[in-house]
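Please examine the sequence and the model before reading on.

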Amino acid sequence: QVQVVESGGGLVQAGGSLRLTCVASGPIFSIASMGWYRRVPGKQRELVATITSGGITNYADSVKGRFTISRDNAKNTAYLEMSSLKPEDTAVYYCNADGFTPGRRASLYWGQGTQVTVSS
């Protein structure tokens with residue numbers, strides 16, 4: 001089974017930094033895109049950043065200039081470097097991977113999320 005696992009969340013003071021890691025494992029290959037999303041209780045999940053296998057990135061306006069997404073294709077791993085964190089960045093952060101498994105079409109696989117809490 002494909003697993004997507006996030007790590008690196010925690011509690012940080014406003015202005016601080018965190019690095020999130022996402023690893024996709026199992027029978028997944030040709031991952032076209034990996035992305036980070038976040039959800040605050042009572043709100044819909046929102047895009048944070050995505051990155052293609054070729055390194056093309058996309059960011060939500062709210063995190064541009066503060067967050068950086070990167071990827072190691074050989075390790076099926078994506079990273080999210082977060083700096084100048086604000087209390088409004090507090091959320092559960094989810095990672096996804098859009099890839100193939102043997103005999104199946106490309107599918108989107110999600111992790112369970114990691115909590116990021118920014119104190120003021």
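Because Arg38 belongs to strand β4 and Asp89 to the loop between β8 and β9, the pair ties together parts that are 51 residues apart in sequence. Strands are DSSP runs of E, at least two residues long, numbered from the N terminus. Arg38 and Asp89 also belong to a network of salt bridges that includes Glu46 and Arg66.

## Basis of the model

The model is predicted: local features need pLDDT of at least 70, side-chain atom pairs count only at pLDDT 80 or more, and totals for chains, interfaces and linings use all residues. Residues are numbered from 1 along each chain as its sequence is written, and side-chain values use heavy atoms, with hydrogens and water left out.

## The four-stranded sheet

An open sheet of 4 strands runs in the order β1-β3-β8-β7, with antiparallel pairing; two strands pair if DSSP finds at least two bridges between them. The edges are formed by β1 (3-7) and β7 (67-72), each of which has a single partner strand, so one side of each lacks a neighbour in the sheet.

Within this sheet, β3 (residues 18-25) and β8 (residues 77-82) are joined in the antiparallel sense over 6 bridges. Leu18 stands opposite Met82 in β8.

## Contacts of Arg19 and other charged residues

The structure holds 5 salt bridges. In one of them, the side chains of Glu81 and Arg19 meet at 2.9 Å, N to O. Since Glu81 lies in strand β8 and Arg19 in strand β3, this pair ties together parts 62 residues apart in sequence. Glu81 is partly exposed at 35% relative accessibility, and Arg19 is partly exposed at 42%. The charged end of Arg19 also sits over the ring of Tyr79, 4.2 Å from its centre; this requires NZ of Lys or CZ of Arg within 6 Å of the ring centre and within 35 degrees of the ring normal.

A further salt bridge joins the side chains of Lys64 and Asp61 at 3.1 Å, N to O. Both Lys64 and Asp61 are exposed.

## The disulfide

A search of the whole structure finds 1 disulfide, defined as a pair of cysteine sulfur atoms within 2.5 Å. Cys22 and Cys95 form this link, with their sulfur atoms 1.9 Å apart. Cys22 lies in strand β3 and Cys95 in strand β9, so the bond ties together parts that are 73 residues apart in sequence. Both cysteines, Cys22 and Cys95, are buried. The link of Cys22 and Cys95 is left-handed, with -80 degrees about the S-S bond.

## Aromatic pairs

The whole structure contains 2 aromatic pairs. Rings of Phe, Tyr and Trp (its six-membered ring) pair if their centres lie within 6.5 Å; planes under 30 degrees apart count as stacked, over 60 as edge-to-face and the rest as tilted. Phe29 and Phe100 are stacked, at 6.1 Å centre to centre and 25 degrees between the planes.

The ring centres of Tyr37 and Trp110 are 5.2 Å apart and their planes are at 65 degrees, so this pair is edge-to-face. Tyr37 lies in strand β4 and Trp110 in strand β10 (residues 107-110), 73 residues apart.

Key:
Buried < 20%, exposed > 50% of the residue type's maximum accessible area, 1.4 Å probe, protein only. Salt bridge = Lys/Arg side-chain N within 4 Å of Asp/Glu carboxyl O.
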